[in-house]
Amino acid sequence: MFKTFKKYQYLLYELVKKDIKLKYRNSYLGVIWTLLEPLLTMLVLVAVFSRLLGKTTTDYAVYVLSGRLIYSFFSNGTKAGLKSVRSHAAMIKKVYVPKYMYTLSCVSSGYIMFLISLIVLVAVALVRGVYPNVYTLLAVIPLATVYVMTLGLGLILATLDVFFRDFEYLWGIALMLIMYMSGIFYEVADVASEKTIWLFKLNPLYAVIENFRNAVFGVAPNMEATWFSLGFSGVVLLIGLFVFYRKQDDFILHL
Amino acid sequence: MAADIISVENLSVRFRMPEQKVDNFKEYLIRILKRKLKYKEFNAINNISFSIKKGDRLGVVGANGAGKSTLLKVIAGVLKASEGTVKRNGKVVPLLELGAGFEMQYTGAENIYLYGAMLGYSKAFIDEKYKEIVDFADLGDFINVPVKNYSSGMRTRLGFAIVTVVEPDILILDEVFAVGDAKFREKSEKKIRDMFEKGATVIFVSHNEDQVKRLCNRGILLDHGKLIADGDLDEVYGKYHEITNKIK
């Protein structure tokens with residue numbers, strides 16, 4: 001398997017390049033949108049919610065932006081992963097290529113654009129006076145876990161979507177639920193009671209966002225959330241690989 | 001004695017088609033609960049064995065739906081065998097419905113790299129062969145235009161140029177010449193002949209009898225997934241006409 005990966009390394013590069021190139025083709029600002037889009041969204045969210053829900057103990061703009069960046073990568077990445085096999089149906093029918101390449105490339109191109117958009121976060125944080133310290137280095141953990149988690153879910157969803165087109169819609173609704181359970185523009189403590197807080201704690205994406213925020217604000221990590229997100233993303237990737245490999249030979253019959 | 005470059009042993013490909021198309025989850029669950037998920041088994045290829053020696057030019061003959069394209073897809077590795085094995089000794093390059101795998105938003109030049117990568121070429125290799133591909137495809141300024149604006153003939157030309165640049169050990173050609181004008185047909189036939197001379201093995205599917213007889217030196221006849229004849233082309237075509245006449 002490792003040998004074939006090496007052989008198709010260049011293909012992975014080309015597929016990722018294709019996604020990024022085509023995304024901004026025919027737009028004047030091109031890749032600058034990667035920075036502009038989260039910045040403008042943040043401004044809207046701050047304008048709308050800062051009075052209403054923005055009773056955060058930390059800087060609200062940085063709080064919103066850090067949560068939203070992670071969520072939008074997760075949301076776009078899983079959606080792209082879900083469609084990755086079906087959108088490459090014409091190619092899958094013609095040439096043999098390891099099929100996980102399509103999912104891997106879709107998630108990876110989203111990840112690269114996500115990493116670029118982190119520049120906005122750095123800039124906003126510095127402007128708002130949130131400076132990095134030693135704990136900021138721990139941002140590597142949430143950044144890695146969100147990638148692994150998205151890839152794992154992408155593989156599962158891609159497989160399901162080949163057989164049942166419903167998952168495209170179901171997942172859209174699931175994503176909305178996940179968004180409201182991730183405390184992106186409010187603090188979870190403000191909306192959840194003692195009885196409902198476990199719902200948030202069970203959301204692995206919320207764990208990732210919490211870890212990421214702790215790193216951004218330079219606060220000591222929450223070990224429980226860290227271990228939960230690491231464990232969850234590992235398990236999800238394994239399940240994803242297993243499901244995908246079990247079913248990939250049947251894909252062509254349903255595309 | 002030349003070694004077998006491809007050997008197909010007891011190959012069967014079965015499609016399991018649901019009697020009604022079920023592609024939503026609710027329907028699927030309901031049918032599982034009611035135990036009403038019926039499948040119709042359908043043998044696209046039924047227990048066939050043959051081998052191809054290096055330098056053979058094999059014509060695959062048969063009526064529509066005989067399993068020709070399925071066989072090629074299995075040899076190309078796109079489709080998995082249900083039973084039996086296909087052994088390949090060398091680089092297989094498939095030319096199945098040319099140009100259908102292009103990214104429509106991409107220009108011709110960009111597609112050369114993308115398509116090349118899918119066929120497992122390296123970047124250095126494509127860089128080196130880029131000019132040769134462009135020259136052969138003969139697209140002129142259209143090489144920098146998105147492929148969605150190409151005519152089907154132009155797409156075929158580009159696809160053919162990319163695929164044949166490798167000098168593969170085994171070349172699979174499925175109805176390649178159905179599109180493309182006379183000039184291109186002549187040019188690509190010449191290219192294929194060059195490959196013969198270099199010792200490439202070719203598997204060729206076409207409904208054009210003259211062309212098959214001109215390009216191939218051996219034939220197999222498929223009918224409803226079964227191997228009916230294997231050998232000399234005149235003999236194979238003799239059987240083929242016998243079968244089709246019987247139906248009439």
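Predicted model: local features only at pLDDT ≥ 70, side-chain atom pairs only at ≥ 80, totals over all residues.
**Exercise 1. Describe the length and the burial of helix α5 of chain B.**

Step 1. Helix α5 covers residues 152-164 of chain B, which is 13 residues. From its first C-alpha to its last it reaches 18 Å, close to the 18 Å expected at 1.5 Å a residue.

Step 2. Next, look at how covered the helix is. Eleven of the 13 residues in α5(B) are buried, so the helix counts as mostly covered. Among them are B:G153, B:M154, B:R157, B:F160 and B:V163.

**Exercise 2. Find where B:G67 sits, and decide whether B:G67 is buried or exposed.**

Step 1. Locate the residue: B:G67 lies in the loop between β3 (57-61) and α2 (68-76) of chain B.

Step 2. Apply the cut-off. Buried means under 20% relative accessible area. B:G67 has a relative accessible area of 8% and is therefore buried.

Step 3. See what surrounds the residue. Leaving aside neighbours within four places in sequence, B:G67 is in contact with B:A44, B:I45 and B:L222. B:I45 is 22 residues away along the chain, yet its C-alpha atom is separated from that of B:G67 by 6.0 Å.

**Exercise 3. Determine how helices α4 and α8 of chain A are oriented to each other, and which kinds of residue meet there.**

Step 1. Two packed helices are described by the angle between their axes and the distance between the axes. For α4 (residues 60-87) and α8 (residues 167-180) of chain A, the axes come within 11 Å and cross at roughly 170°.

Step 2. Angles over 145 degrees count as roughly antiparallel. The two helices, α4(A) and α8(A), are therefore roughly antiparallel to each other.

Step 3. List some of the partners: α4(A) contributes residues including A:Y71, A:F74 and A:L82, while α8(A) contributes residues including A:F167, A:W171 and A:L175. The residues of this contact divide into nine nonpolar, two polar and four charged.

**Exercise 4. Characterise the interface between chain B and chain A.**

Step 1. Count the residues: 33 of chain B are in contact with 28 of chain A.

Step 2. Consider the area. About 2700 Å² is buried between the chains, and carbon and sulfur atoms give 66% of that.

Step 3. B:V78, B:Y106 and B:M118 supply 22% of the area that chain B buries against chain A, more than any other three residues.

Notes
Residues numbered from 1 in each chain as written. Chains lettered and ligands numbered in written order. Heavy atoms only, no water. Axes fitted to C-alpha atoms, helices over the stretch in contact; angles between N-to-C directions. Helix = DSSP H or I, 4+ residues; strand = E, 2+ residues; numbered from the N terminus. Parallel < 35°, antiparallel > 145°, perpendicular 65-115°, else oblique. Contact = heavy atoms within 4.5 Å. Nonpolar A, V, L, I, M, F, W, Y, C, P; charged D, E, K, R; others polar. Buried < 20%, exposed > 50% of the residue type's maximum accessible area, 1.4 Å probe, protein only. Expected span 1.5 Å × (residues − 1). Buried area = accessible area lost by both parts, 1.4 Å probe.
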